[in-house]
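Here's a quick tour for anyone meeting this structure for the first time. Have a look at it first, then read on.

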Amino acid sequence: MTPGAEGAASVPILTVRNLRCTIAGQQVVEDVSFDVPATGITAVLGRNGVGKTSTLRGVLGLIPLRGEVRLGGERIDGLSTHRIVRRGVGYVPEDREVFSKLTVAENLALAERQKNPRREFVAELFPDLVARRDQPAGTLSGGQQQMVSVARALLNDNRLLLVDEPTKGLAPKIVTEVADALREASKTVPILLVEQNLEVVRRLAEDAVVIAGGRVAHVGKASDILDDEELTRRLLGVHVEHAA
Ligand SMILES: Nc1ncnc2c1ncn2[C@@H]1O[C@H](COP(=O)(O)OP(=O)(O)O)[C@@H](O)[C@H]1O
Ligand SMILES: [Mg+2]
């Protein structure tokens, strides 16, 4: 999709209004509202257990929800997950979820949903996966498995990607590689990124939504949020080291 195809740059690709979600009778998202701009990377921040993953799963219709979710202005709340996915929402789940007994090539082939999947784009972005195409995905490193997971979402012409903690548990060098790939991908598709590594957030995200206790506690420019020591300590429980 060419930039601007959504209309004016100011029209968000995703709007979430008063999202509430329950899992097993427990309310895990209390009242979440935010916009995702049609370009670039928007970060979702917050401590463990505040409802970040549940927010993504609510947007995808994977868990019961109330409230309003719009993709490019059209309501998608109430649609089944496969319809939401068909409208162009790609999902890279928290624990990668690759098929470990299948090869890299088989994992990717299973993800293709359109006539002309973007195989060349994916191959350029992840040359390592091309070299390992016949290797069972379960024998890959965590970082390589994450790349398979991201690559699956990039094979299709999505209008939005939801990416949940892609750098979790990865070695620093691999974190950089995954972050580079996401930045490259974000030139072609907007990304809503749950990320705990604040250095990665600083490098990638223009905007950020901070969630606390199932509610939006703050929205703003990612750099402003990360520069606010009091806010990051209170809402993220971390002390951000400022580069000299
Ligand atoms: N399958 C589940 N069953 C019951 N409670 C859950 C389930 N998944 C998540 N929760 C609860 O929902 C809340 C939000 O979880 P989650 O959205 O995974 O948070 P985050 O991604 O921010 O760490 C937590 O209190 C968690 O314990
Ligand atoms: Mg989570």
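Helices (H or I, at least four residues) and strands (E, at least two) are DSSP runs, numbered from the N terminus. This is a predicted model, where local features need pLDDT of at least 70, side-chain atom pairs count only at pLDDT 80 or more, and totals for chains, interfaces and linings use all residues. Residues are numbered from 1 along each chain as its sequence is written, while chains are lettered from A and ligands numbered from 1 in the order written.

**More on H7**

- Val 178, Ala 179, Leu 182 and Ala 185 of H7 are buried (20 or more other C-beta atoms within 10 Å of a residue's own, all placed from the backbone).
- Looking down the axis of H7, the buried residues fall within an arc of 120 degrees (taken from the directions from the axis to the C-beta atoms), so they line one face of the helix.
- Those buried residues pack (C-beta atoms within 7 Å) against several elements, including strand E3 (41-45), helix H4 (119-125) and helix H6 (142-154).

**Around ligand 1**

- The shell around ligand 1 (C-beta atom within 6 Å) includes Gly 46, Asn 48, Lys 52 and Thr 53.
- Strand E2 (26-36) and helix H1 (52-59) each give two or more residues to that shell, and H1 has the largest share, 3 residues.

**From the record**

- UniProt's unreviewed entry places "domain: ABC transporter" at residues 14-238, in the numbering used here, though annotations may be inferred rather than shown by experiment.
- Residues 14-238 are 36% helix and 27% strand, with end C-alpha atoms 29 Å apart.

Notes. A residue is buried if 20 or more other C-beta atoms lie within 10 Å of its own, exposed if 12 or fewer, and partly exposed in between; C-beta atoms are placed from the backbone. Two residues are in contact if their C-beta atoms, placed from the backbone, lie within 7 Å.
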